[in-house]
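Here's a quick tour of one fold, written for someone who likes the cut-offs spelled out. Have a look at the model first.

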Amino acid sequence: MPLRLAIKVDVDTDRGTRAGVPNLVFDCREHGAPACFLFSLGPDQTGRAIKRVFRPGFFKKVSRTSVVQLYGVRTLLNGTLLPAPHIGRRNIETMRSVRDVGFEVGIHCHNHYRWQDYVHALPLEKIRAEFSAARAEFRRIFGTEAQTAGAPGWQSNARSRAVYDEAGLLYSSDVRNGTPFFPRIDGQIFKTLEIPSTLPTLDELLGRPEYPDDKIVAHYLSLLREDQVNVLTVHAEIEGMGKRLLFRSLLAALRARGVEFIRLDDYAKELLARRAEVPVRDQSLGEIDGRSGLVAVAV
């Protein structure tokens, strides 16, 4: 079988939406890669993420990935010393333009900081309210219901899964590693198809001595598998801005390798057409090499 790959773009910030998204749209169109753009739709409170300083591995990641250079000082002050810009209200035309040129669009979140840092502490009704706010903003911008979502920081639990099921999503992408499945948490099986990210993110590789920039493309190529669809998550603030040239090199190398780029929604429909063959797997929290804290994984 040919190598197949789908690209998911997480858009975390106001600056990433305004500057990084148009760059990624241009680069993906140029290389024939039909990416799925998942938008943060509410206030950009990125500055409040400084509380993650207490997480194991946070300082190490910040030092090697040059967070200030990639995200910019203004973004890192949003929601603290500076007001939190409302991403959906400020960037409606940019978001619509992504859809209008043929890319898939979906929900990343309403408030990125709130979901990533607090979803495991929030009760069901507050998670429902958070996702409902994102759905309402998505409808206001695009005039239709979202068909997909991917949680900030791969933070997912039984309560957020229940909210996804209520929304009637075609699929989600909240988990790291492995093949598509229907999630089971504490014995409860959820109906929303999960398509995990299978490849490491660029920020998990940057700055590590074993992965200098000039070796990263070759490393990605070495990880591609023929027995499954490879799913790569990129970030508007990284691949769309500070590391854009590296991402363009990766796209060119993937094309030269003969990789077939596919849409995630098409892949989801392909899987759901043979739903009985999609396994149920347990979802829990685990560590990912190069990332601080715990993320959703299948076991």
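Predicted model: local features only at pLDDT ≥ 70, side-chain atom pairs only at ≥ 80, totals over all residues.

Residue numbers start from 1 along each chain as its sequence is written, and side-chain values use heavy atoms, with hydrogens and water left out.

Let's start with strand β1 (residues 4-11), where 8 of 8 residues are buried; buried means under 20% relative accessible area, exposed over 50%, and partly exposed in between, with a 1.4 Å probe and protein chains only. Helices (H or I, at least four residues) and strands (E, at least two) are DSSP runs, numbered from the N terminus. In a regular strand, side chains alternate between the two faces of the sheet. In β1, Arg4, Ala6, Lys8 and Asp10 point one way and Leu5, Ile7, Val9 and Val11 the other way, and all are buried.

| Strand pair | Sense | Bridges |
|---|---|---|
| β1 and β2 (residues 36-40) | parallel | 4 bridges |
| β1 and β9 | parallel | 6 bridges |
| β1 and β10 (residues 260-261) | parallel | 2 bridges |

Arg4, for its part, stands opposite Glu260 in β10.

Next, β9 (residues 230-235) holds Asn230. Is Asn230 buried or exposed? Asn230 is buried, with a relative accessible area of 2%. Leaving out residues up to four places away in sequence, Asn230 touches Leu3, Arg4, Leu5, Ala6, Thr198, Leu199, Leu223, Leu224 and Arg225, where contact means heavy atoms within 4.5 Å.

Helix α10 (residues 213-223) has Ile216, Val217, His219, Tyr220 and Leu221 as its buried residues. These buried residues pack against β9 and α12 (244-256).

That brings us to α12 and its neighbour α1 (residues 14-30): their axes come within 10 Å and cross at roughly 20°. Axes are lines fitted to C-alpha atoms, for helices over the stretch in contact, with angles from 0 to 180 degrees between N-to-C directions. α1 and α12 are therefore roughly parallel to each other; angles under 35 degrees count as roughly parallel, over 145 as roughly antiparallel, 65 to 115 as roughly perpendicular and the rest as oblique. On the α1 side, the contact is made by Asn23, Leu24, Phe26, Asp27, Cys28 and Glu30, and on the α12 side by Arg244, Phe247, Arg248, Leu251 and Arg255. By class, this contact has 5 nonpolar, 1 polar and 5 charged residues. Ala, Val, Leu, Ile, Met, Phe, Trp, Tyr, Cys and Pro count as nonpolar, Asp, Glu, Lys and Arg as charged, and the others, Gly among them, as polar.

Now for another helix pair. The axes of α6 (residues 92-100) and α8 (residues 124-142) come within 10 Å and cross at roughly 75°, which makes α6 roughly perpendicular to α8. Ile92, Met95, Arg96 and Arg99 of α6 meet Arg140, Ile141 and Phe142 of α8. That contact divides into 4 nonpolar, no polar and 3 charged residues.

Last, 4 strands form an open sheet with mixed pairing, in the order β7-β6-β11-β12. Its edge strands, β7 (188-189) and β12 (295-298), each pair on one side only. β6 (residues 182-185) and β7 are antiparallel, over 2 bridges, and Ile185 has Gln188 in β7 as its bridge partner.

Methods. Pairing = 2+ DSSP bridges.
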